[in-house]
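Hi,

Here is the structure I said I would pass on. Have a look at it first, and my notes come after.

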Amino acid sequence: MAELEPKKIISLMSGTSCDSIDAGLCRVNPDLSCELISGINYKYPEHIRAKIFQLFSGDASIKDVCQMNFAIGKCFAEACKVLISEFGKPDLISSHGQTIFHYPFDEKIDNVSLKSTLQIGESSVIAYETGCPVISNFREADIAAGGQGAPLVCFADDRWFKGKNVAIQNIGGISNVTVVAKDIDTFGFDTGLGNIMIDYCVNKYYGQSYDKDGRIAASGNICESWLDCLMQDEYYFKNPPKTTGREYFTKQYIENALRFAPKNSEDIIATVTALTAKTIASAYERFVYPITSIDEVIIGGGGAYNTTLMNMLRCYLPKHIVLKTHEDYAISNNFKEVMAFAVLGYCSYYNIPNNIPSCTGAAKRVVLGKITAA
Ligand SMILES: Nc1ncnc2c1ncn2[C@@H]1O[C@H](COP(=O)(O)OP(=O)(O)O)[C@@H](O)[C@H]1O
Ligand SMILES: [Mg+2]
């Protein structure tokens with residue numbers, strides 16, 4: 001194996017919230033520690049973002065998918081160029097891409113598995129536009145090995161937090177947890193909704209894209225009967241490994257749920273915010289505490305900035321657990337996933353296996369990611 005050297009990597013991520021392309025210039029070291037040198041949240045042009053939501057809605061053709069693969073690749077390249085103009089070219093680019101479909105189910109036709117996932121943002125466009133090699137398409141190799149292709153950030157969490165007893169909870173569009181503890185193999189899964197339903201309702205009732213700092217939720221009351229009803233969804237009862245996405249928590253899903261919502265809009269926002277907090281706490285009760293005790297929950301992702309959500313989580317978690325954010329560990333909440341994908345890209349470059357089978361359900365450890373030459 002080639003001798004490992006530190007690498008400068010621009011890492012690119014756009015999550016299910018589709019709020020921005022998060023681009024970070026990172027330095028990844030041979031011990032897989034990672035420093036963020038600079039990060040930007042590059043907004044998609046308005047009509048491109050609308051087209052992505054059209055892909056999410058299922059109301060799109062193969063032509064749309066084909067076109068958007070190249071258009072998103074161009075947007076990702078533009079985000080890179082902002083960093084390159086200030087800091088020069090990195091050694092490589094690590095691009096997660098934009099997930100437009102994730103199908104982690106064991107469904108078969110003619111005994112052939114349909115388990116699959118699709119992240120777009122053409123790597124050839126990014127490589128051509130920037131002149132840098134690009135690592136992309138991380139999830140496919142894990143699915144090929146029988147896994148769900150997610151969650152992948154657990155690999156970095158395992159490296160960064162080993163030796164502690166913690167749950168590392170990302171609250172993006174979807175929420176996912178990594179559990180790192182002394183006497184067990186690191187494991188993780190998606191706990192369910194993160195910000196998708198909050199954003200949808202805030203948009204529907206207030207015409208805003210998100211509930212800044214959780215102010216609307218703070219002004220409403222939780223409707224306990226509706227919350228109980230929402231908590232009964234079968235996803236929350238499924239055993240890990242499990243992952244989910246917008247294919248499950250669709251616009252239709254949310255609209256169906258809203259048929260039973262309270263009248264007052266503030267109460268709706270308060271209740272869907274409580275749903276995210278309570279499903280996280282109940283996932284720990286069902287799937288984490290029976291396996292290991294934890295001392296801390298470390299929050300990351302955009303949900304960390306929703307003060308009401310954080311306060312609710314504090315109420316639902318057992319009192320002895322300390323609630324922190326990544327910032328308490330000098331890791332940006334905003335760029336944590338970007339840093340994790342820089343580490344995943346570094347491993348791909350050096351052929352180091354970078355999935356964790358106890359998180360994804362894969363049959364074995366494999367090297368994730370494909371390389372596109374500059
Ligand atoms: N200041 C804030 N107050 C409340 N919510 C926020 C704030 N900043 C970000 N968010 C929420 O976080 C979401 C983005 O989180 P992110 O971690 O980027 O998710 P994803 O990985 O799905 O893109 C936004 O859509 C919004 O709901
Ligand atoms: Mg985002």
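Predicted model: local features only at pLDDT ≥ 70, side-chain atom pairs only at ≥ 80, totals over all residues.

**Ligand 1**

I began with the residues around ligand 1. There are 18 of them, and the ones that come nearest are S17, G173, D199, D213 and G302. Three of these five put a backbone atom by the ligand. In S17, a polar backbone atom is 2.8 Å from an oxygen of ligand 1. G173 also has a polar backbone atom 2.8 Å from a ligand oxygen, and for G302 a backbone N or O atom lies 2.8 Å from an oxygen atom of ligand 1. On its own the ligand has 580 Å² of accessible area, and the protein covers 89% of that.

As for the make-up of the shell, 10 of its residues are polar, six are charged and two are nonpolar. Both domains take part: domain 1 (7-150 + 336-372) and domain 2 (154-320) each supply at least three residues to the shell around ligand 1.

**Aromatic rings**

Next, the rings. I get 16 aromatic pairs in the structure. Take Y103 and F105: their ring centres are 5.0 Å apart and the planes sit at 80°, so this pair is edge-to-face. Y103 is partly exposed, at 23% relative accessible area, and F105 is partly exposed too, at 32%.

Y235 and Y236 are another edge-to-face pair, because their planes are at 80°, with the centres 6.2 Å apart. These two tyrosines are both buried. They also belong to a cluster, in which ring pairs link Y235, Y236, Y248, F249 and Y253.

C80 is in no disulfide either; the nearest cysteine sulfur belongs to C132 and is 7.3 Å away. Is C80 buried or exposed? C80 counts as buried, because its relative accessibility is 0% and the cut-off for buried is under 20%.

Cheers

Methods:
Residues numbered from 1 in each chain as written. Chains lettered and ligands numbered in written order. Heavy atoms only, no water. Disulfide = S-S within 2.5 Å. Buried < 20%, exposed > 50% of the residue type's maximum accessible area, 1.4 Å probe, protein only. Near = heavy atom within 4 Å. Polar contact = N/O pair within 3.5 Å; in protein donor to acceptor, adjacent residues only side chain to side chain. Areas by Shrake-Rupley, 256 points an atom, 1.4 Å probe, with all protein chains shown as cover. Nonpolar A, V, L, I, M, F, W, Y, C, P; charged D, E, K, R; others polar. Domains from an automatic or database assignment. Phe/Tyr/Trp six-rings, centres within 6.5 Å; stacked < 30°, edge-to-face > 60°.
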